[in-house]
Amino acid sequence: MPLMTCRDVSLAYEGRTVAANINFTINTGDYLCIVGENGSGKSTLIKGMLGLKQPSSGRIVFGDGLLQTQIGYLPQQTPAQRDFPATVWEVVLSGCLNRCGLRPFYNKKEKSVAKRNMQRMGIEDLTSRCYRELSGGQKQRVLLARALCATKKMLLLDEPATGLDPLVTAELYDLVQTINREDQIAIVMVSHDIQSAVSHASHILHLNHTPLFFGTTEDYLHSEPGKLFLGGTHAS
Ligand SMILES: Nc1ncnc2c1ncn2[C@@H]1O[C@H](COP(=O)(O)OP(=O)(O)O)[C@@H](O)[C@H]1O
Ligand SMILES: [Mg+2]
């Protein structure tokens with residue numbers, strides 16, 4: 001069932017279009033990787049999907065009971081975010097902000113959602129630690145737990161493996177795959193790591209300001225952009 005459909009979406013900054021004519025659908029349980037060069041419009045598209053940026057044309061339509069405010073989001077990391085001065089508990093709990101509405105505190109239900117997601121990500125023992133003192137891999141688990149507090153249906157992850165070593169990256173991808181398979185949460189991941197993208201994702205969107213490809217991973221492997229991007233290195 002379609003959770004989200006982008007219909008002819010274009011996005012612009014001050015009249016300069018950076019992503020145009022984007023069409024794709026995400027169904028319940030899909031795992032979509034968005035790939036493309038730096039500056040090709042990936043993060044801008046993610047912001048459009050979240051409603052943080054209005055499309056300059058086209059529409060984003062939601063289905064299967066998903067609201068735009070019920071999408072979990074792990075932003076592309078900037079140094080300022082890495083140094084966020086808060087405890088792990090505060091960071092995870094802030095994922096419940098959209099559930100609070102206008103109420104200025106977290107209730108029991110939200111605290112138990114936060115606790116459960118910390119257990120899911122194996123970070124209960126970090127609860128009172130300061131976020132900025134954690135390792136890169138620990139930080140990403142904390143941000144995943146935070147993103148999970150916001151959703152039952154869809155997670156958007158913008159380059160979550162940046163700065164992680166290969167082992168920690170593999171652990172992160174395993175965790176994301178488990179969330180996708182066991183909890184049937186649709187994953188949308190922006191990634192530079194095309195080899196991992198094709199081994200985990202069910203669908204690929206290859207963006208270069210406009211889509212070069214959208215479809216199943218299997219079809220991508222046989223497509224011209226897929227062959228070009230993978231440089232014949234993927235054994236299929
Ligand atoms: N806040 C902004 N204001 C103006 N231009 C922006 C802004 N954010 C991104 N851009 C520009 O939009 C284009 C796409 O950026 P982005 O979506 O971040 O690409 P990607 O995530 O694929 O690297 C780039 O040319 C970038 O410089
Ligand atoms: Mg980006």
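Predicted model: local features only at pLDDT ≥ 70, side-chain atom pairs only at ≥ 80, totals over all residues.
Begin with Met1, which lies in the segment before strand 1. Is Met1 buried or exposed? Met1 counts as exposed because 9 C-beta neighbours lie inside 10 Å, and a residue is called exposed when that count is 12 or fewer. Leaving aside residues up to four places away in sequence, Met1 touches Asn27, Thr28, Gly63 and Asp64. Gln76 stands 75 residues from Met1 along the chain, and the C-alpha atoms of these two residues are separated by 28 Å.

In general, the strands of a sheet pair through backbone hydrogen bonds, and the pairing is either parallel or antiparallel. Here three strands make an open sheet in the order 2-1-4, and the pairing is antiparallel. Strand 2 (16-27) and strand 4 (57-62) are the edge strands, as each pairs on one side only. On average, neighbouring strands of this sheet are turned by 15 degrees against each other, direction ignored.

Look next at the pair made by strand 1 (residues 2-13) and strand 2, which is antiparallel and has eight bridges. Which residue of strand 2 is the bridge partner of Cys6? The partner is Phe24. Thr5 stands opposite Thr25, also in strand 2. Strand 1 and strand 2 form a hairpin with two residues between them. In the turn, Glu14 has a positive phi of about 45 degrees.

The other sheet to follow is an open one of six strands, in the order 5-6-7-3-8-9 and with mixed pairing. Its edges are strand 5 (71-74) and strand 9 (210-216); each has a single partner strand, so one side of each is left without a neighbour in the sheet. Neighbouring strands of this sheet are turned against each other by 15 degrees on average, direction ignored.

Strand 8 shows both kinds of pairing. With strand 3, strand 8 pairs in the parallel sense over four bridges, and Leu32 has His203 in strand 8 as its bridge partner. With strand 9, strand 8 (residues 203-208) runs antiparallel, and six bridges join the two. His203 stands opposite Thr216 in strand 9, while Leu205 stands opposite Phe214 in strand 9. Strand 8 and strand 9 also form a hairpin, with one residue between them. His209 in that turn has a positive phi of about 70 degrees. Strand 8 is mostly covered, with five of its six residues buried.

Which residues are around ligand 1? They are Tyr13, Val18, Gly36, Asn38, Gly39, Ser40, Gly41, Lys42, Ser43 and Thr44. Helix 1 (residues 42-50) gives the most to this shell, with three residues. By class, the shell has two nonpolar, seven polar and one charged residues.

Helix 6 (residues 136-149) closes the tour. Helix 6 has 14 residues, and the distance from its first C-alpha to its last is 20 Å, close to the 20 Å expected at 1.5 Å a residue. How many of the residues of helix 6 are buried? The helix is mostly covered, as 11 of its 14 residues are buried. The buried residues run from Lys139 through Gln140, Arg141, Val142, Leu143, Leu144, Ala145, Arg146, Ala147 and Leu148 to Cys149. In general, an α-helix has 3.6 residues a turn, so residues three or four places apart point the same way.

Key:
Residues numbered from 1 in each chain as written. Chains lettered and ligands numbered in written order. Expected span 1.5 Å × (residues − 1). Buried ≥ 20, exposed ≤ 12 C-beta atoms within 10 Å, placed from the backbone. Near = placed C-beta within 6 Å. Nonpolar A, V, L, I, M, F, W, Y, C, P; charged D, E, K, R; others polar. Pairing = 2+ DSSP bridges. Axes fitted to C-alpha atoms, helices over the stretch in contact; angles between N-to-C directions. Contact = placed C-beta atoms within 7 Å.
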